[in-house]
Amino acid sequence: MTAVTDQGRDHGQGHGPEGEGPVEVPAGDVRRWDDGLIARRAAEVAQDRLEAERPPQDEPGPEAEAYAMSGSALRPRLDALRELVGLSRARLDGSTLAEAGRVLDEASARRRLSARHTVVAVAGATGSGKSTLFNALAGVQISDTGLRRPTTSAPIACSWTDGAAGLLDRLAIPGRLRRRPVQGGTAVDEALQGLVLVDLPDHDSAATGHREQVDRVLALVDAVIWVVDPEKYADAALHERYLRPLAGHAEISFVVLNQIDRLSGEAADLVLDDLRRLLDEDGMAVGEHGEPGATVMSLSALTGAGVGDLRELLGRFVQDRTAAARRLSADVDAAAARLRSVYVADGRPGLGERARDEFTERLAEAVGAAAAGQAAEREWRRNANRACGTPWLRLWRWYESTRQLGGLDLMAQVLAPPEEELTARQRVEQAVRQLADDAVDGLPGPWAQAVREAAVNGAKGLPEALDDLSRSAQTGGGRGRGGNTDTGSAPVGSGAGLGKRGSTSVGGKSAPVAGAPAGRGTRPPRPAWWPAAVFAQASMTLLQIFGGLWLLGQIVGVIEPGLLTPALVMLAGVVGGPLVEWSCAAAARGPARRYGQEAERRLREAAAGCGRARVLDPVAAELARYREVRERYVAVTEFSTTGA
């Protein structure tokens with residue numbers, strides 16, 4: 001079967017002057033000039049040229065079925081890549097994700113087009129003979145050849161079957177540059193059904209537009225035949241610009257050493273072996289002994305030696321109908337390799353329990369939780385002393401408190417807070433920096449930056465919130481009724497709060513702290529034995545008074561003399577008062593310690609809750625987002641990012 005038809009003869013067509021094409025001749029016209037053998041052959045040659053230059057008649061026809069990749073491994077990889085790009089847009093710049101976006105767009109476009117066609121580009125350097133090979137594969141002179149360089153100025157397509165219009169439109173090949181081959185009805189020709197062969201301009205052409213067309217088409221075709229010659233097969237421009245970057249596309253690559261008719265048999269083998277060595281250095285796997293990789297062979301397009309073998313290889317390649325999927329899979333691999341540095345961490349980044357505990361401990365130190373607990377314990381014990389102490393001792397303490405200089409106390413309250421505030425702020429900033437350093441350890445650069453920004457932004461109001469917490473703790477206990485102020489200790493109090501007294505300010509809102517003491521002047525809670533201790537101390541005081549009055553009455557003569565009994569009563573009151581006070585102090589140590597520990601715990605929990613809401617949760621959210629995109633990246637690459 002040939003591409004030439006006899007339509008001219010069947011419809012009575014003649015051939016007009018040069019450049020005017022065929023003309024209609026009446027069926028019964030006796031002036032026909034093609035009744036001779038030479039005239040008929042001339043008409044056939046003209047008709048062959050017309051058919052070769054005419055676009056295929058089936059181009060407007062319906063497109064073949066689209067690729068259905070739902071059952072292949074490529075579909076989930078593309079879905080994972082799409083999710084990966086979507087999750088990363090807020091963290092990575094557009095240039096980083098541009099290649100992945102292009103791959104997704106091209107994959108979507110290719111999947112909508114014909115699944116029965118395989119688009120193969122023929123690429124090569126100037127003078128390599130790619131156009132000659134293109135014509136030899138097509139069996140007809142389609143692409144111009146000659147000594148003038150560059151010969152091919154635009155991509156030319158040759159389609160073996162109908163339905164490839166959409167694919168050629170995608171390649172932006174106009175209808176005037178679409179051809180049909182000459183087919184002989186052999187088994188090889190049947191195997192090539194579905195092949196769309198594209199002859200490209202020279203990739204090393206002096207014309208910039210030619211190189212741009214080569215790059216554009218190479219990014220869209222399903223496979224490539226690289227044509228090299230014995231003189232420029234090691235050209236750096238070919239290996240560095242094309243073969244090395246496309247090493248991952250080896251399974252859809254044919255590397256053909258053309259013009260072997262210029263070499264002896266031994267020289268051709270040496271050049272072919274050296275070509276394989278260069279491909280191996282480029283990282284392009286060479287398929288030998290049934291292994292996947294690039295097909296490397298030698299031929300002569302001019303003499304036809306080896307062209308038949310290439311046609312058979314192309315036939316099997318086309319009938320496999322997996323070239324498009326393998327091309328898209330290789331594009332996904334290449335895009336994933338470029339993104340590896342922004343998704344793969346060196347270690348196992350994250351916030352462990354140790355980092356969280358250290359951060360909470362630093363916040364507790366900044367807010368003075370331990371000192372607040374100690375102050376609460378001292379306040380509890382002072383309150384116990386006020387109730388259980390002898391009246392004479394309490395009177396003495398009141399007298400001593402009135403003698404203290406209020407100026408020194410005022411200066412301590414005015415001058416101490418700024419220094420303490422500055423120290424607390426520095427501790428908070430150090431805690432946030434250390435937490436961020438622990439969280440980003442091993443993270444890729446963009447995600448480490450995102451985690452640091454989350455920590456810094458969340459910590460902007462943290463020092464102020466902790467300052468409010470510390471001040472609330474200082475005012476929560478403070479100076480009790482009839483008690484002394486413990487100057488010089490930081491902070492003094494038994495309660496904890498952020499912002500308002502007895503509450504925590506988390507995220508700008510106030511929330512009550514469970515068990516937080518009330519405001520200034522409020523006494524700590526009393527144990528159950530407290531009334532008995534007060535009654536015992538009052539009894540001892542009454543004994544002292546009664547004994548003293550008894551003795552006084554005997555002295556003045558109102559009562560009969562007898563010093564022993566009133567002296568013993570008074571001595572019992574004098575000795576019993578301190579004894580009761582000492583017993584109460586001993587009994588108060590345990591409750592006071594527990595009260596101080598509870599106050600410290602509440603303050604620690606309040607500080608930890610504030611730090612968790614402002615810093616830990618945003619940092620954990622960023623780390624969770626990174627883990628999610630890393631899982632998507634693993635799904636794209638189909639192997640563990642740890643190399644396991």
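Two strands are taken to pair if DSSP finds at least two bridges between them. In this predicted model, strand β7 (residues 223–228) meets that criterion with strand β8 (residues 253–257): five bridges join the two, and they run parallel. Within this pairing, valine 228 stands opposite leucine 257 of β8.

β7 also pairs with strand β3 (residues 118–124). The sense is again parallel, and the pairing extends over five bridges. Here glycine 124 has valine 227 of β7 as its bridge partner.

β7 is mostly covered, with six of its six residues buried. In a regular strand, side chains alternate between the two faces of the sheet. Ala223, Ile225 and Val227 point one way from β7. Val224, Trp226 and Val228 point the other way. Residues on both sides of the strand are buried.

A helix–helix contact was examined next. Two packed helices are described by the angle between their axes and the distance between the axes. The axes of helix α5 (residues 130–138) and helix α11 (residues 307–320) come within 10 Å. They cross at roughly 70°. Angles of 65 to 115 degrees count as roughly perpendicular, so α5 is roughly perpendicular to α11. The crossing of α5 past α11 is right-handed.

On the α5 side, the contact is made by Leu133, Ala136, Leu137 and Ala138. Val307, Leu310, Arg311 and Leu314 contribute from α11. By class, the contact of α5 with α11 has seven nonpolar residues, one charged residue and no polar residues.

Definitions and conventions: Residues are numbered from 1 along each chain as its sequence is written. This is a predicted model: local features need pLDDT of at least 70, side-chain atom pairs count only at pLDDT 80 or more; totals for chains, interfaces and linings use all residues. Side-chain values use heavy atoms; hydrogens and water are left out. Axes are lines fitted to C-alpha atoms, for helices over the stretch in contact, and angles run from 0 to 180 degrees between N-to-C directions. Helices (H or I, at least four residues) and strands (E, at least two) are DSSP runs, numbered from the N terminus. Angles under 35 degrees count as roughly parallel, over 145 as roughly antiparallel, 65 to 115 as roughly perpendicular and the rest as oblique. A crossing is left-handed if the near helix is turned anticlockwise from the far one by less than a right angle, and right-handed if clockwise. Contact means heavy atoms within 4.5 Å. Ala, Val, Leu, Ile, Met, Phe, Trp, Tyr, Cys and Pro count as nonpolar, Asp, Glu, Lys and Arg as charged, and the others, Gly among them, as polar. Buried means under 20% relative accessible area, exposed over 50%, partly exposed in between (1.4 Å probe, protein chains only).
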